[in-house]
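This walk-through starts with the sheet and then turns to the protein as a whole. Please keep the sequence and the structure in view while reading.

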Amino acid sequence: MLKLNRITALTLAPAAALALYAGTATAASAPAALPAQGSTLSATAPAAAAQNGAVRKVTAFFDQYKSAVEGTNPDMNPREVRNEFLTARLNARLDTWADEHSADPVFRAQNVPQDRSVALGASNPRTTTVIVTQYWRGSDPTKVRYTVPTPGGKIIDIQGA
């Protein structure tokens with residue numbers, strides 16, 4: 001049986017430490033020790049959550065916007081989707097881009113992509129980049145980079161917008 005000292009018990013999850021100390025579990029069945037306070041894992045967990053939130057936000061925006069453009073979003077039109085997910089400043093820039101290019105400012109094209117994939121790009125304490133690869137019928141895929149504040153909030157940039 002594993003003998004625990006006070007230091008070992010403090011580094012294990014409380015339930016695991018109690019079970020081991022009471023003799024109802026073995027070291028093989030106990031979960032791994034928790035990282036020390038201030039370790040990389042505890043410091044990056046909030047950042048990872050924010051990054052995942054950015055990916056979810058961009059995915060939700062893209063999918064809702066696409067369905068609004070196609071007329072299959074029963075709740076919102078494209079402008080309403082943009083207003084919900086994008087900053088006012090970005091929306092103004094997208095309107096200018098659309099006027100200059102006679103194309104949809106989100107898709108960067110005159111038609112709607114057939115499909116998409118979404119991936120996490122670079123991240124820093126202030127922003128997270130999410131890369132959307134758009135797949136077109138009969139054309140090469142295109143990549144569009146979205147920038148989202150790392151702590152959360154509305155999308156602040158679409159690369160080239």
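In what order do the four strands form the open sheet, and is the pairing parallel or antiparallel? The order is E1-E2-E3-E4, and the pairing is antiparallel. The edges of this sheet are E1 and strand E4 (157-158), each of which pairs on one side only. The model is predicted, and the description below should be read with that in mind.

Strand E1 covers residues 115-123 and strand E2 covers residues 127-136. Seven bridges connect E1 and E2 in the antiparallel sense. Between E1 and E2 lie three residues, and the two strands form a hairpin.

Strand E3 takes in residues 139-149 and is joined to E4 by two bridges. E3 and E4 also run antiparallel. Here Thr-147 stands opposite Asp-157 in E4.

Where do the strands fall in the chain relative to the helices? Read from the N terminus, the elements follow the pattern α-α-α-α-α-β-β-β-β. That gives five helices and four strands in the protein.

Some totals describe the protein as a whole. It has 161 residues, of which 34% count as buried; the cut-off for buried is under 20% relative accessible area. The protein exposes about 9,700 Å², with 55% of that area supplied by carbon and sulfur atoms. Among contacts with a separation of 6 or more, 40% come from residues 24 or more positions apart.

Terms used: Residues numbered from 1 in each chain as written. Predicted model: local features only at pLDDT ≥ 70, side-chain atom pairs only at ≥ 80, totals over all residues. Heavy atoms only, no water. Buried < 20%, exposed > 50% of the residue type's maximum accessible area, 1.4 Å probe, protein only. Contact = heavy atoms within 4.5 Å. Areas by Shrake-Rupley, 256 points an atom, 1.4 Å probe, with all protein chains shown as cover. Pairing = 2+ DSSP bridges.
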